[in-house]
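Thanks for asking me to look this one over. My notes follow as numbered points, to be read with the structure open beside you.

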Amino acid sequence: MSRVLIVGAGLTGSVCACLLRRELPQKIKIVVWDKSRGAGGRMATSRSPTDSACTVDLGAQYITATPHYARIHQSFYEELLAHGILSPLVSSVEGMMSREEGLTNYVTPKGVSSIVKHYLKESAGAEVFYDRHVTHVYRRGACWEVCRKDGEPEHFDAVVLTMPVPQILQLQGDVGSLMAVPQREQLEAVSYSSRYALGLFYPPHTSIPVPWAAKYICGSPCIRFIAIDNKKRNTESSDCGPSMVVHTSVPFGVEHLEEEKERVQPLIMDELQRLMPGLPQPASSKCQKWRYSQVTRSVADCPGQMTLLSEPLLVCGGDGFTHSNFDGCIESALKVFQVLKSSL
Ligand SMILES: Cc1cc2nc3c(=O)[nH]c(=O)nc-3n(C[C@H](O)[C@H](O)[C@H](O)COP(=O)(O)OP(=O)(O)OC[C@H]3O[C@@H](n4cnc5c(N)ncnc54)[C@H](O)[C@@H]3O)c2cc1C
């Protein structure tokens, strides 16, 4: 039985694990390591420190299916709709720009990380470990030795890297020397936007009297998007106060990228008060810096994966190899799965 390590419990990693479990159950032992404390990656859902039933999505906000992807990823959409993980977006989003006809928008009633958790659950038997930050990957004959912060190295027959491309390039050990020059050049050309997300949790019965559930903001140098998260997901309840997420603009994110988020949060709060005067004080908050937010330039021709070595297999995937949304990650996971299937 081959032991496969998937680095990253985001959407790409969790779908890879699920595909391996469903299609090659007898052949593979799946291990997932993520440096964070939970599943989701950039599909992150944060809980209120005072009431774990109140949540806010700090990364991806909704899933938009184009007619093309609705057709080719139909089974993925049907599965998530059948499990109540996705439901149609019915609330009002002001200023949403659609570049294409026939788009369908979905929300996640249990928070966007429920998509990732669904696929990890469907990978029954996979060993998923958090707080495992991979630092070095060495080739040791026919297998890989993978080192992490604060722990013993382990050996695997194949390794899948699904983190943002700059984090793949930061890995030490043999990864860099295995890359052919054109591969390195392609990876170094990948770029991401940067922004902050601020999650705000309000006490029960707090009223936020605006006609929209989410709104794109024009003309603010600081704030680009605001969502009243439980209203957006159509899950308002009297037990739980509203939760709100504020995304900064990319120029603001880039300008303040190297600052402590404790210094940046008051700037975002001041601008929010200016845009929404009279907004009550939140009971608690969570500020997230997305250094690698959405892909602005992906690997040329969007191959879905890049194989750094075939034997033993070392393969990279993630939205950097396609595009930054649900369908981009599914596409990448399917491509990585094809490589694994033909090599194991
Ligand atoms: C602010 C924001 C808004 C967005 N809005 C939308 C939207 O509305 N709709 C949409 O479809 N998409 C949206 N996206 C994009 C979407 O979230 C991403 O495309 C998707 O989540 C990427 O998934 P992934 O698995 O490829 O990567 P990630 O989610 O980044 O997963 C990679 C994982 O690897 C882990 N990791 C990194 N380095 C290491 C290491 N050295 N060792 C161990 N683990 C490591 C990370 O902790 C992470 O969990 C948004 C993203 C952001 C940030």
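Predicted model: local features only at pLDDT ≥ 70, side-chain atom pairs only at ≥ 80, totals over all residues.

1. Strand β10 runs parallel to strand β14 (residues 172-173), and two bridges join them.

2. Arg 140 is bridged to Cys 143 in β11. Together β10 and β11 make a hairpin, with two residues between the strands. In that turn, Gly 141 has a positive phi of about 60°.

3. Now for the ligand. How many residues surround the ligand, and which are the closest? The count is 35, and the closest are Thr 12, Asp 34, Arg 42, Tyr 62 and Asp 319.

4. In Ser 36, a side-chain N or O atom is 3.1 Å from an oxygen atom of the ligand. Gln 61 uses its backbone instead: one of its backbone N or O atoms lies 3.1 Å from a ligand oxygen atom. For Val 134, a backbone N or O atom lies 2.9 Å from a nitrogen atom of the ligand. On its own the ligand has 1,000 Å² of accessible area, and the protein covers 94% of that.

5. Next, please look at the open sheet of three strands, whose order is β5-β8-β6 with antiparallel pairing. Why is one side of β5 and of β6 left without a neighbour in the sheet? Both β5 (63-65) and β6 (87-88) stand at the edges with a single partner strand each, so one side of each has no neighbour there. Three bridges link β5 to β8 (residues 104-107) in the antiparallel sense, and Thr 64 has Asn 105 of β8 as its bridge partner. Helix α3 (residues 74-82) lies across β5, β6 and β8, and runs at about 135° to β5.

6. Some backbone geometry deserves a second look. As background, most residues other than glycine have a negative phi, and most peptide bonds are trans. Asp 131 has a positive phi, near 60°, and is found in the loop between β9 (127-129) and β10. Cys 302 is not a glycine either, yet its phi is positive at about 45°; this residue lies in the loop between β21 (295-297) and β22. The peptide bond from Glu 311 to Pro 312 is cis, with omega near -10°. Pro 312 sits in the loop between β22 (305-309) and β23 (313-317).

7. Finally, the annotations. An unreviewed UniProt entry lists residues 1-17 as "signal peptide". In the model, that stretch is 41% helix and 35% strand, with its end C-alpha atoms 15 Å apart. UniProt, again in an unreviewed entry, lists residues 105-335 as "domain: Amine oxidase". That span is 26% helix and 31% strand, and its end C-alpha atoms lie 25 Å apart.

Notes
Residues numbered from 1 in each chain as written. Heavy atoms only, no water. Pairing = 2+ DSSP bridges. Helix = DSSP H or I, 4+ residues; strand = E, 2+ residues; numbered from the N terminus. Contact = heavy atoms within 4.5 Å. Axes fitted to C-alpha atoms, helices over the stretch in contact; angles between N-to-C directions. UniProt positions renumbered as here; feature names shortened; annotations may be inferred. Near = heavy atom within 4 Å. Polar contact = N/O pair within 3.5 Å; in protein donor to acceptor, adjacent residues only side chain to side chain. Areas by Shrake-Rupley, 256 points an atom, 1.4 Å probe, with all protein chains shown as cover.
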